[in-house]
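Thanks for coming. Please have the sequence and the coordinates open while I talk.

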Amino acid sequence: MVGRLLEWAMNSRAVVILLTLSLAYVGGYAFLHVNVEAYPDPAPAIVEVVAQYPGASAEEVERLVTIPLEVALAGMPGLKYTRTKSMFGLSHLRNQFEYGIDFVAARQEVLNRLAMADMPKTVKPQLSPASPIGEIFRYTLNSPKDAVGKEIYSLNDLKSLQDWTLERQFLRIPGIAGVVSCGGTVKRYEIQPDPQRLKEYGITLQQLEKAISDSNANAGGNFIVQGGSVQVVRGIGLIGGGEDPLVKAMDLPTPTEAAAYIRSEERRRVRQIRQIVVTATNNVPIRVEHVVKGGPVRPEEDDLTAGVIVGYQTRQGQIGINRPLIDKDGEELVDQNGQRIMLDEDDKVQGIILLRKGEKSIPILQAVHEKINELNHDPGRLLPGVFLEPYYNRSTLIDVTTETVRENLLVGVVLVTLILLMFLSNVRTALIVAINIPLALLFAFAMLFLRNKSANLLSIGAVDFGIIVDSSVIMVENIFRRLTSGEAVELHVKDRVLRAAKEVERSLFYSTLIMVCALLPLFTMQGPEGQIFGPMADTYAFALGGALLLSFTISPVLCGLLFGNLKPMGDNFIVRTIKSVYMTQLKFFLNNRWATVGVFAVLVVSTCLIVPHMGREFMPELEEGNLIVRGTFPVNVSLEEVARNARFVRQKLADYPEVKLAASQIGRPDDGTDPTGFYELQVFVPLKPRDKWPVPPGRTRQREKHELIEELDDDLSRHVPGVNWDFSQIIRDNVMESLSGVKGENSVKIIGPDLDRLEDLAVSFRNTLSTIPGVSDPGIFRIKGQTNLSFPIDRGKCALWGVNVADVEDVIETAVGGMSFSEMLEGERRFDIALRWPEELRKSTDDILDIPVDVVKNTVTEGTVSSRAATPFTGASSGLSPLGTSLAMPALSGSAFNGASNALSRVPRRRMGDLVTPVNDLGEPDPLAQFVKPGAATISREQGNRLIAVKFGVRGRDLASTVAEAQEKTNHLLKPPYRMAWSGEFQQMQEAERRMLIVVSLALVLIMVMLYLAFYSLLDAFLVLANVIAMSLGGLWTLLLAGLHFNVSAAVGFISILGVAVMEGMILVSSFNSLRAVRVPVFDAIIKGTERRIRPVTMTALTAILGLLPAAFSTKIGSESQRPLAIVVVGGMFGTLLFFNLVPVLYSFYGHREPHHEAGHLAH
Amino acid sequence: MRFVKPVFKSIMTIVIFALVVLVPIKIVPMVHQWLEEREAGHKKHAAEVHDEKMHELASDQPNTLVVAPDVFKSMRMTVAEVQPPVSPEPLKLDGSLFLLSNSMVHQHSRFAGDVVEIGEFEDPVAVGSGSDSVPDKPREKRPLQFGDFVHKGQLLAVIWSKEIGEKKSELVDAVSKYEFDRKALKAMESAREGTVAGMKLIEANRNVEADLVAIDKAERTLKSWQVSIPELEAIRNEAQKIRERAGRPDDSLTRNWARVEVRSFVEGTIVEKNVNVGDYVNTDLVLFKIADLSRMNVLAHAYEEDLSVLEGIPQGARDWKIFVKADPREEPLRGSFDRIGDIIDPTQHTALVMGWVDNSRGRLRVGQFITARVELPVPADEVTIPVSALVDQDGNSFVFVRSPANPQRFTRRQVFPVRRRDDLVSLARRPRWRSSDAAVEPLAVGDWVVTTGGLQLAAELTYLESQAKTELTSK
């Protein structure tokens, strides 16, 4: 088949050239338009469910929301894990499906199941838009400032703009999954009833709510016909008329006017609420303002601070940013001491744009850019003076990594071309081979584009073009060698080329098959490594296939066209020198073949002894050019306390000149997509480009990133005690959290039923981990520690008054928590209208205990004096009064003529404190006990079991040995029913290693089968595999010398060169066999065969080395994930060169064995 | 091995053997050593970092953390002095204002009759007060109305009573008859003895006595009806005139013959006026209610659970501050309570606490809702700290106390909060609910406690302690 293709190509040269040009055009188009990602999405379909249950404690959330959701979602097809977190007001479920399950189908299944979940009334579970690598853009909203530096717009204004305008704008961009809004305050109109006033006017909370709700609606009255026209009849009853003040405010010329207008509109609405009539007696209306704190105010007072206020919902988090001031040229401004002038703002509104899973980031990022420009520059799109200021943009990382890959590729291509020129001394030959490199690349791009796949830095950067063009090298080198050998000069060039090409047809076919077998592990990889290296396997396969196709088509055609007047010529000086040196040393080794084998054996034994001590990790860490600094505070810490520390941390971080800015996030976004609490401070720290890192004072060089992290860690740990610090990067952090369910690179999950025991065990684990070298920042994701102000409702006390538990709880919810009961419509915007007690009535335990509870069910009668109706046998009668008199009791005030209404008499009231009793340690009611009790902060569950996670990082040591030591030291800590699971990167590494061991073994077996089919000799096949061992030695030692650990990237490197090693061994063995087939003695066959093959073998090895040499030495952003792969390839190929003598030496042991008669056909 | 000479072959065999044996023996330990050194380097680094820690456990005192001044500064830690106990949160009693019972009178008319006049009130400020007022303009008089201030004895109303007119006429009649009978008796007595029958004389005497009784009865009745002596004299004179037909009858007396005046018994404000000219009134109708408003009665409702607290306040210290609900921004008014009601409201289970409040400024109104705040006595066995100093951890409460000798040492001490206000926490010196913990050293006034950063210190101390424990166990 290949022969026919060759013949067709040589006979249809014009067509081939045209097709090649078409390929160049299509590939070029694809190259320009294919999507490039910084990092492939390593996660399977993960569908997150968020259910907010405001005000509920972690235990209640777990019981009422999480567990019902877990039950509803259990057993979905392909579901692998369900990991949940229950915390104050939030339930978060992460459903991880098996790899291969379609995300859309999984999402739909989750949606279907959610409908079946039995939830509390106010809880509406929703799907989260978050995905592991979905976070592509972050910005803050900047408000203009007045003359004294105060922001003109309130946080309510900015948040409202973010939630209702910007979010919708960005969501209209196709491919955006969601916009997460963090920081700021969500506006809420708050009515603060005065319990005493309510009582005085005899108005209940329900009446108040109903009056306001009923006064907040428009009505339609159809239309009337007036002459020839129609007039629609409407009743306008919405508070504020339902108009959106922002619409007009956006059109105003100055921020001051706009802010003033918004404030005046808010006052108007507040006034309208105040004027709502609750009830009327004798034509005297009782308005809302009569029953709220402070009572009525004069219209001119416009008091917005009490009674009815424009407040905000309970804050879930806070955003702060410390950034340098920049001049017009984008340079940082410095003070007279040369220090950067920083602007620290500790309460900002931030938007995070999330990409939909599987979408292409570059076009979407472009669209986001355009949208930001449009919003910032088109008047009337935002409030006057407000602008969006991006501070994280994934395209920067993509650009940098793409640049790194491009540079490595370019240098690689140049080096490969130089090698070809060096070995062949013929520009045309080098050109024919070199032209195949971009063409193969374009072929790969065209295929990616047509299959709607994205490229990424690994998929492009890890492709070794030296290996890719091996087929072309062999083809062109053979044609060149044949044409310059002076053989069959009587034939036409075309025929000579065809003949030479056909000589390598079989070997190319087999070598390609073997290459495909070698790459089999790449194609069959599963799990995260499959996701990461899958695109690379695709690209590799397309490039390899394209190069092979080109070597059978355009290469011989170009040889036919360009080699027309090629004269016989010998090897050039370099080749001659290499041959001479090589042959001399080969003879030496052959003469000392036992010694050679012995040395090799020593090396193998040494390597085998060292390999177990070699560090292992899952994946090299992709340098993203940023840091995520996470501080975990005590779980019951307040927002204000963390905000105070966050200010210090931001300033501390900004003291490091490598840091571009520091953006802190406390707590979680309002939509609950990031399940955490105030205890978590997350600082996003974009770093300056490495070349702009200064040399710190007292040092002679720049800091390395790991040194920067160590110093930061040390600095923060020392200055901010009681906080566990953790360092990661934004994508890595999200990915690791998605895969393991725990924030942090690694963690050990302790699974068991009792929360207290889990806490104790976690402390033991953490302390043990902290003694292990290499473990950094061990920390516990605490379950308990949240302080609860628990009011145990005393059923005995409630029984006296006929008070239900629900009555008391309603008061707690409304009075303390604030209950939304209606909505303020401002155009499209909706804001809660809520009832909540004034702050001074609920701000301490004693205040809360004083909150009145209406007793509506208790009735007071005259006593047990009861009249009995007459019966047929008796007359009517009445019982005796237990008081001894049926007369009315004396007036309470002591004077019947000076009586006044008892404000409390209509509906009795009790104080909260009269209906609750604290319980002691034994759980018994004890009036002297405390209401403050410990409670759960976050309850984590996996597969329906409670767990606690102890996270840790590994720095300066490999993951595998660190975890192995940790496992050894912690194994004795657990007894059933408690068990542990090591998760995160370690778990991924273990699973990946297990899978790869199986697949690589399978690939080797297949290669053996191929080799056997090629040689019809098992011995030959093993001999060829000896080269694989040589290659492996080279790869391992290079990895060791480079100080790198074995990881998936390195494994992929080994896989990449497996095929080349086999191919080279095959070339040698087939060459020897072909000579042996014509009865050449073994020694002569080895010498001749080697001499004949030394050029192509050296060329292919060197092209493979040089193709990835730039990547191996690159230290730029994006090179980290390629480097182990490139180093293994370079080292492995050096190994094959170094141990090039091994195959001939081993072959020398064959003695008089005759090869199979078919075995020589591979040679050319 | 045909390519190799025998001597060289032997040498090579020895070399290979040496390599096979020696290289692993040599290289493997070297690599091991390299790996160990690398790990040792990390350990050393970790140890160095540990040595440089700016906060550590005090070796000589449990629960104590030594913090470097840098940390104190970076954490912006603050401390506050433990204060003497403060009063518990005042007891807040809701209630309303009433009239003092003793200072209010209900003015009735003694006789049923027609109201012919309402007392006048001289407006202290002329009409058109303010900038338009004319100082010399005579004060305007108008009938009394609700809200007017009246003096004791001031005429409130005049009733035209048929009853009193008749009684007066009875007196006139009795006086007249008496004069006639007296003259007749005198004439009989002056006649010669035997001229008048004895029986007649006795009868004349009896008539005179009966007339005197009638006069006395009429006068007593009129006196009891509060007709004044001069008025009675005038009536007598009028009777004389009528009998003697001497001169014209007294017009004024005639005009006022049935007049009844209603005058104020007290000085105060008319808080109710139920009468107008032309009304016919009975004696049971309250024409006016007049009250002294310079002091108001305060009736507040106290939950029965709070009565013992109120009763615990000594008599001389039963003061309260009255906050008027309608005017929360006004300064509270001072007063005191003197009685706690003996009857519990069966509906509410509250008792009335009665007292007064000064209203000399006159801005309080009867029936106004008030909140009475009663300051409670300061407990003896407590201290007070800012609420920010309290660290609640796993069901217990702690504070960090700064060592007086070394300001960098902070000792965690368990405390027992009894009351938590929004800014202050009162701590019991001894646990009230857990006798087993009685050994805890109590805080004393003058101790200094950490008010900012305590939570983090607690976390750090817990961490360091558990680490130290693990290290000890592992040793």
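Conventions. This is a predicted model, where local features need pLDDT of at least 70 and side-chain atom pairs count only at pLDDT 80 or more, while totals for chains, interfaces and linings use all residues. Residues are numbered from 1 along each chain as its sequence is written, chains are lettered from A and ligands numbered from 1 in the order in which they are written, and side-chain values use heavy atoms, with hydrogens and water left out.

Strand 14 of chain A, then. Helices and strands here are DSSP runs, H or I of at least four residues for helices and E of at least two for strands, numbered from the N terminus. Buried means under 20% relative accessible area, with a 1.4 Å probe and protein chains only.

Which strands does it pair with? Two strands count as paired if DSSP finds at least two bridges between them. Strand 19 of chain A, residues 662-667, runs antiparallel to strand 14 of chain A and is joined to it by 6 bridges. Within that pairing, Ile321(A) has Ala663(A) as its bridge partner. Strand 15 of chain A, residues 342-355, is also antiparallel to strand 14 of chain A, with 5 bridges. There, Asn322(A) is partnered by Asp344(A).

Next, the cavities. A cavity is a set of points, on a 1 Å grid over the protein atoms alone, where a 1.4 Å probe fits but cannot get out; lining residues have an atom within 4 Å of a point. Points are joined across faces, edges and corners, and a volume is the space filled by probe spheres set on them. The count is 10 cavities of 30 Å³ or more.

The largest cavity holds about 340 Å³. It is lined by 24 residues, and those closest to its centre are Ala130(A), Glu135(A), Thr673(A), Asp674(A) and Asn734(A). Helix 24 of chain A contributes the most to this lining, 5 residues. The lining splits into 9 nonpolar, 6 polar and 9 charged residues. For these classes, Ala, Val, Leu, Ile, Met, Phe, Trp, Tyr, Cys and Pro are nonpolar, Asp, Glu, Lys and Arg are charged, and the others, Gly among them, are polar.

The second largest cavity is about 130 Å³. Its 15 lining residues have Tyr39(A), Met619(A), Arg732(A), Val735(A) and Met736(A) closest to the centre. Helix 24 of chain A again gives the most, 5 residues. By class, this lining has 12 nonpolar, no polar and 3 charged residues.

Last, chain B. It has 8 helices and 25 strands, and 41% of its 475 residues are buried. An open sheet of 4 strands in chain B has the order 5-14-12-9, with antiparallel pairing. Strand 5 (104-108) and strand 9 (149-150) of chain B are at the edges with a single partner strand each, so one side of each has no neighbour in the sheet. Strand 5 of chain B is joined by 5 bridges to strand 14 of chain B, residues 286-291. In that pair, Val105(B) stands opposite Ile290(B).

Definitions and conventions
Buried means under 20% relative accessible area, exposed over 50%, partly exposed in between (1.4 Å probe, protein chains only). On a 1 Å grid over the protein atoms alone, a cavity is a set of points where a 1.4 Å probe fits but cannot get out, and a pocket is an open set with protein on both sides within 12 Å along at least five of seven lines; lining residues have an atom within 4 Å of a point.
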